[in-house]
Amino acid sequence: MLTTGVPTREQLVRRATDLRPLLSGHAAWAEENRRVHDESIEALADAGVFRMRVPARYGGYESDTRTLVEVAAELGRADGSTAWTASVYWIPGWMAGLFPDAVQDEVFTSPDVRVCGTLSPGGMAAPADGGVVVNGQWKFISGALHAHWQIIVAIQPTAEGAPMPVMALVPMADLAIVDDWYTAGLKGTGSVTTVAQNLFVPAERVLPLPVIVQGQGGVSQAGADSPLHRPPLLPVASASSVGAVLGLAKAAADEFFRRLPDRKITYTDYASQSQAPLTHLQVAEATLKTDQAEFHALRLADLVDAKAAENSPWTLRERVQARADLGAVCGLAKEAVDIFQTASGGSSIYSDVPIQRISRDVQAVNLHALMHPNTNNELYGRVLCGLEPNSLYI
């Protein structure tokens, strides 16, 4: 069992901070080539980023979600696409730890293994001797180009005839890739479409999605007592995602203040933008919104970590609050970035000025089905009003 040498939260955050020059240096390349740079992937691996949600028995760190938030926020200050991709790996990687131990032994042959995936059904799973045969395709698969495995979700008919979504763990070598990632934001994530054609998946690599989403645990025996896999999937996924978004808001502030000393306000008598009361109002409002986003990100992470440590059941309100906090981080971060971009003037539209990329990235995040502030607020308000949730994803 490889449990020694686990870095502290402070050490992991410092490693992420130290990566920022390299990641930001590759950000423009990642946009142009629509994928994270290989050197960035190698640097993330060297820093232990891919080990943070790997079980300790495989040499992983089993980092808590507060650590994920703080590390991803530092990565996001360098490049939103790289931070997003790292965050995405944490979620399916965590899901892989729910499968039988023999499957995990195969997946986690390297503690730096990268698992991509989705929660959306994109195919059909037909029962077969010893498993299922899957046909389908899955879009928006961030990190697929550097992944070793993918979590896919498909619909499988049951003996009663009712369809049931299942999640399956498959090697990337068994999937075809469609290079269709031509987008306005998060361009560097390489979130391509993957395709399965008559793909046999053995039964031990298939789990019922509703059981996992409801937080009834996986089938791993070796990891059954670990706090890592005690919380339900959606709060874990939510807490894993918010750090990169918070980092985008902080990146916008970094970029704005970097350019501020040399900027004036054209067609006014302000020799320096920093002298204008409007600027003071803008930076104060944007900073306060970033602070609010950080509050929601950390409240979410601390809730997940506290419940995991206590091994206590989740209430319905706590589950939907996790989704609401996720949406709040996204909405507030976008508002902060919008203010900083508006205050950055016409010169900020040039492609070599990072704030235009930051703005497009945070807009893309806010359109994500799981992260959309309106969707999450409606779900939260619905439950607060005493109604049942109208979504499986809580």
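C330 is buried, its relative accessible area being 0%; buried denotes under 20% relative accessible area, exposed over 50%, and partly exposed the range in between, computed with a 1.4 Å probe on protein chains only. C116 is likewise buried, at 0% relative accessibility. A search of the whole structure for disulfides (pairs of cysteine sulfur atoms within 2.5 Å) returned zero. The structure is a predicted model, in which local features need pLDDT of at least 70 and side-chain atom pairs count only at pLDDT 80 or more, whereas totals for chains, interfaces and linings use all residues. Residues are numbered from 1 along each chain as its sequence is written, and side-chain values use heavy atoms, with hydrogens and water left out.

N198 is exposed, with a relative accessible area of 60%. Y267 is located in the loop between helix 8 (233-259) and helix 9 (277-310), and it is exposed at 83% relative accessibility.

Helix 8 also takes part in a pairing with helix 11 (residues 354-366): the two axes come within 10 Å and cross at roughly 160°. Axes are lines fitted to C-alpha atoms, for helices over the stretch in contact, and angles run from 0 to 180 degrees between N-to-C directions. Helix 8 and helix 11 are therefore roughly antiparallel, a term for angles over 145 degrees. On the helix 8 side, the contact (heavy atoms within 4.5 Å) is made by V245, L248, A251, A252, E255 and R258. Helix 11 contributes P354, I355, I358, D361, V362 and V365. The residues of this contact comprise nine nonpolar, no polar and three charged; Ala, Val, Leu, Ile, Met, Phe, Trp, Tyr, Cys and Pro count as nonpolar, Asp, Glu, Lys and Arg as charged, and the others, Gly among them, as polar.

P127 lies in strand 2 (residues 123-128) and is exposed, at 55% relative accessibility. Apart from its neighbours within four places in sequence, P127 is in contact with V132, Q156 and P157. P127 and A203 are 76 residues apart in sequence, and their C-alpha atoms are 9.4 Å apart in space.

Conventions: Helix = DSSP H or I, 4+ residues; strand = E, 2+ residues; numbered from the N terminus. Parallel < 35°, antiparallel > 145°, perpendicular 65-115°, else oblique.
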